[in-house]
2 protein chains.
Amino acid sequence: MAVQAVERAVSADRPFGPAVALSCRECGERFALGPVFACTSCFGPLEVAYELPAGDPEGLRRRIESGPANLWRYAPLLPVPAGVAAEPNLEPGFTRLVRADRLARELGVTGGLFVKDDSGNPTHSFKDRVVAVAVEAARAFGFTTLSCSSTGNLAGAVGAAAARAGLRSCVFIPHDLEAGKVVMAAVYGGDLVGIEGTYDDVNRFCSELIGDPAGEGWGFVNVNLRPYYGEGSKTLAYEICEQLGWRLPDQLVVPVASGSQLTKIDKGLRELVALGLVEDRPYRIFGAQAAGCAPVARAFKDGHDVVRPVRPDTIAKSLAIGNPADGPYVLDIARRTGGAVEDVTDEEVVDGIRLLARTEGIFAETAGGVTVGVTRKLLELGLLDPSLTTVVLNTGDGLKTLDAVSAGPRAVIRPSVAAFRAAGLG
Amino acid sequence: MAVQAVERAVSADRPFGPAVALSCRECGERFALGPVFACTSCFGPLEVAYELPAGDPEGLRRRIESGPANLWRYAPLLPVPAGVAAEPNLEPGFTRLVRADRLARELGVTGGLFVKDDSGNPTHSFKDRVVAVAVEAARAFGFTTLSCSSTGNLAGAVGAAAARAGLRSCVFIPHDLEAGKVVMAAVYGGDLVGIEGTYDDVNRFCSELIGDPAGEGWGFVNVNLRPYYGEGSKTLAYEICEQLGWRLPDQLVVPVASGSQLTKIDKGLRELVALGLVEDRPYRIFGAQAAGCAPVARAFKDGHDVVRPVRPDTIAKSLAIGNPADGPYVLDIARRTGGAVEDVTDEEVVDGIRLLARTEGIFAETAGGVTVGVTRKLLELGLLDPSLTTVVLNTGDGLKTLDAVSAGPRAVIRPSVAAFRAAGLG
């Protein structure tokens with residue numbers, strides 16, 4: 001697993017494209033590209049290191065722009081083979097960046113407000129991005145079973161991607177998930193197992209299983225494939241910049257569950273700067289949590305570097321990770337970029353969902369209610385600058401968290417104009 | 001309303017682009033472009049007549065290919081202004097055409113099987129296409145309230161599109177719709193009214209309302225805006241051909257509710273031939289219904305030209321139109337092209353949903369279960385040729401018809417490997 005083995009891993013067909021090694025986020029030690037996720041020296045998390053195609057930004061930009069209308073247009077910047085788009089996959093990504101003028105007026109944003117709407121992905125959450133990259137790693141390592149611990153969205157994404165790729169799947173979820181997410185996780189025909197406990201219990205169980213013969217040869221997308229998986233989130237950053245006309249946004253509001261997505265968005269933005277694809281200028285990244293599971297926001301506001309785990313209690317179940325693995329990195333990035341980490345109550349989450357639906361016709365999952373709610377709060381607190389270009393992420397779909405929103409007919413009437421008038425509607 | 005008024009309607013800014021008139025499908029009489037839907041002479045349905053940009057197929061193809069990745073790339077072939085893409089709208093269309101090799105193997109199709117997956121639209125059904133075109137007509141006619149009768153998907157599409165466009169909405173649904181569709185129809189903040197009755201009752205009520213002062217100035221997308229609305233379905237035909245490399249498919253399997261979609265797909269295919277964008281060769285169009293609401297399939301199999309209304313009783317509620325307005329045209333097209341109209345039981349609908357999910361990772365609405373089920377049945381009956389290129393439409397999303405599919409965890413266990421083994425999973 002030492003760096004000497006790297007040469008072998010990146011052989012002629014380059015299953016990992018421009019990726020050349022795994023590197024420890026804490027101590028920097030490098031490892032060969034393999035199904036490993038923790039540094040053997042310091043136990044720090046591993047991430048993918050690249051030799052990116054520098055030196056010809058115009059050529060790279062043209063290559064990306066002539067690529068497919070999905071995340072594989074960024075294959076030159078991901079740990080995937082060059083021919084990845086031709087393999088059976090769900091083709092996620094390149095979702096809409098919606099210019100949200102009506103929402104902007106309600107919030108008082110004058111510098112341009114955009115919603116990156118990842119509910120347009122095949123299973124209607126951003127998880128299709130990370131799973132797509134993890135599937136390529138699973139193929140490269142010869143894994144035939146795809147697995148994960150999930151708060152719901154990931155379970156559906158893994159089930160669907162495995163079905164499409166012809167892999168077996170076995171996914172683990174907390175036993176009390178929303179009905180929509182449970183059906184969506186099960187319908188693709190893989191094995192679905194409910195775990196009596198929170199997401200953090202499910203996660204610990206998967207770590208146990210991976211060291212046991214029962215889990216041998218399994219690719220856990222967010223455990224032993226986590227370094228590859230996480231890279232999928234970089235494509236959110238790439239797309240936002242490309243869709244803004246190859247320009248960095250000034251401010252981004254990103255939901256925080258494990259924190260991985262936010263850190264990879266930052267990584268993606270820095271790569272675009274390094275490659276000369278966007279002009280280098282300051283940007284601020286803001287993290288958004290639900291008050292019922294806000295360990296990172298708590299640490300940020302208390303000025304701590306350590307994130308103290310909490311027991312989640314919020315309707316925003318897709319963000320209900322009480323012990324977020326990348327929490328400290330989120331704190332680093334928010335502080336380094338001049339951002340913040342803030343949280344909103346469940347009531348504010350629902351208000352956020354309704355506000356986004358009413359103004360822009362986008363029906364967001366609770367996680368989208370969190371980012372919209374936090375955006376409003378950050379503006380009220382004076383932490384977000386309303387005169388700057390701001391991008392708010394919606395990472396999931398309202399149809400999966402229907403219970404959070406009670407909405408129904410104004411009236412039920414007989415089919416006649418007389419009844420219509422009698423009900424005070426005419 | 002006579003043809004002389006046409007000149008005025010298509011003035012300098014051409015709000016209806018290449019459309020020049022409405023024309024009666026039965027007697028051919030032409031009318032000015034207005035919010036009307038029935039011929040004053042023979043009561044036949046009106047449809048949009050064009051002066052399409054003929055004579056330069058290569059130029060038109062390039063213009064389309066360099067357009068946006070949504071249905072507005074086909075603006076030169078739709079009754080919309082040239083600058084339509086710049087107006088706030090949901091940007092539906094250009095959804096995935098999925099090469100479904102695993103499904104093909106299960107069904108024994110060797111000539112290439114594709115699924116056109118319209119669950120990728122903003123509100124996750126093909127209705128976003130038709131509503132997008134209707135909204136442009138509403139804008140052109142100065143309507144500020146958007147309305148419709150709906151089996152569910154349309155209600156959500158109208159609510160969302162109206163919100164995004166800054167229009168008021170008031171939509172009417174049968175009182176017993178699926179929970180997901182009801183919430184999705186209500187969440188955008190417009191008025192939602194439940195009607196005690198079937199979709200056909202709701203539809204009759206809307207026709208009554210449109211002649212009443214209470215409905216004055218309202219744009220009913222599927223009544224007084226129906227000629228424009230229907231044209232949105234042509235984009236399914238355009239996209240399928242473009243995504244096949246500007247080639248007609250040999251066979252299409254299309255769901256039949258009112259029958260409008262199938263007739264407009266045929267219209268779109270014929271336009272592409274007339275414009276020289278695809279080679280002229282035979283294609284067959286097959287209609288798909290649920291046995292619990294199969295008036296068109298019944299008429300087809302009985303050799304009748306008249307469609308006898310039925311009272312719907314099926315889980316495929318989005319297809320539950322017992323008195324389909326375009327039924328006779330569906331019969332014409334199926335017979336003219338060498339296709340057929342077939343139906344499947346609710347059990348076969350669920351099997352179809354599961355089959356598509358398991359093989360391709362696509363979670364379809366009941367309507368998608370109908371088309372997949374009918375595809376299988378048509379192959380068994382020898383009516384579909386397995387050696388030809390076949391496109392099956394999935395027009396909606398499984399998350400909206402969760403009740404149709406019972407799927408859950410294989411087991412619920414404590415978070416330990418021991419429990420995993422004890423449950424027979426390890």
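Start by selecting A:Lys127, which is found in helix α4 (residues 127-141) of chain A. Helices here are DSSP runs of H or I with at least four residues, strands are runs of E with at least two, and both are numbered from the N terminus. This is a predicted model, in which local features need pLDDT of at least 70, side-chain atom pairs count only at pLDDT 80 or more, and totals for chains, interfaces and linings use all residues. Residues are numbered from 1 along each chain as its sequence is written, chains are lettered from A and ligands numbered from 1 in the order written, and side-chain values use heavy atoms, leaving out hydrogens and water.

Stay on A:Lys127: UniProt, in an unreviewed entry, places "modified residue: N6-(pyridoxal phosphate)lysine" there; such annotations may be inferred rather than shown by experiment. Is A:Lys127 buried or exposed? A:Lys127 is buried, with a relative accessible area of 18% (buried means under 20%, exposed over 50%, partly exposed in between, with a 1.4 Å probe and protein chains only). Now show A:Asn153, A:Leu154, A:Ala157 and A:Tyr229, which A:Lys127 touches, not counting residues up to four places away in sequence; contact means heavy atoms within 4.5 Å.

Next, colour the open five-stranded sheet, with parallel pairing and the order β9(A)-β6(A)-β7(A)-β8(A)-β14(B). Strands pair if DSSP finds at least two bridges between them. The edge strands are β9 (218-220) of chain A and β14 (411-413) of chain B. Zoom in on A:Ser147, which stands opposite A:Phe220 in β9(A).

Finally, superpose chain A on chain B: a turn of 180 degrees and a shift of 0.0 Å along the axis give an RMSD of 0.0 Å, by least squares on C-alpha atoms of residues with pLDDT of at least 70 in both. That is the relation of a two-fold axis.
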